[in-house]
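Q: I'd like to learn how to read a fold like this one. Can you walk me through it?

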Amino acid sequence: MYKHDLLSVVGYGNSVNKLNPEKSREIMAMLEDEAKKMLATSFKEPLELEIPIKISWGMYRTLGAFHFQETNVVDQVDGKFIYTLKREPLVIKISYVLIISSILDDDYRTLLDTLRHEVVHYALY
């Protein structure tokens, strides 16, 4: 299979590379397997991957990102207000541009290094 078989060019004059669905599923499975393996073996206690890994179509300068949501929670205990910050992990995003360049260069080191970096953010979170 040739590299150009992995990509299909869409648009005219403003060509945009799009992953074919088969290759997209293959890449996402590879990323999820790598993240789960890292979480299970690289930390003192094994962790589970409980958030999705998604391809970000809008990230051009950033290679990856870990997103979470912060919510202020107010409780009243014994007439006193207690304010706490609740954080919930949402998603790990990987740049579409990074995935395309990894396929074209046939070199996944930067892609996997970026994923590992974001998984560390998730694990330390």
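Predicted model: local features only at pLDDT ≥ 70, side-chain atom pairs only at ≥ 80, totals over all residues.

A: Residues are numbered from 1 along each chain as its sequence is written, and side-chain values use heavy atoms, with hydrogens and water left out.

Q: In what order do the elements of the chain run from the N terminus on?
A: Helices (H or I, at least four residues) and strands (E, at least two) are DSSP runs, numbered from the N terminus. Here the order is α-β-β-α-β-β-β-α-α, giving four helices and five strands.

Q: What percentage of the residues in the chain is buried?
A: Buried means under 20% relative accessible area, exposed over 50%, and partly exposed in between (1.4 Å probe, protein chains only). In this chain of 125 residues, 31% are buried.

Q: Which residues have the most contacts inside the largest nonpolar core?
A: A nonpolar core is a set of buried Ala, Val, Leu, Ile, Met, Phe, Trp, Tyr and Cys residues joined through side-chain atoms within 4.5 Å. The largest one has 24 residues, and Leu31, Ile53, Ile92, Ile94, Ile99 and Leu115 have the most contacts inside it. Two or more residues each come from α2, β3 (53-56), β5, α3 (96-105) and α4 (109-124). Helix α2 gives the largest share, six residues.

Q: What does Ile92 touch?
A: A contact means heavy atoms within 4.5 Å. Leaving aside residues up to four places away in sequence, Ile92 touches several residues, including Ile53, Phe66, Leu115 and Tyr122.

Q: In helix α2, is Lys23 buried or exposed?
A: Lys23 is found in helix α2, and it counts as buried because its relative accessibility is 8%. Polar contacts are pairs of N or O atoms within 3.5 Å; within protein, one must be able to donate a hydrogen and the other to accept it, and residues adjacent in sequence count only if both atoms are side-chain atoms. The side chains of Lys23 and Glu26 make one at 3.0 Å.

Q: And Ala29, why does it count as partly exposed?
A: Ala29 counts as partly exposed because its relative accessibility is 36%. Ala29 also belongs to helix α2 (residues 21-41).
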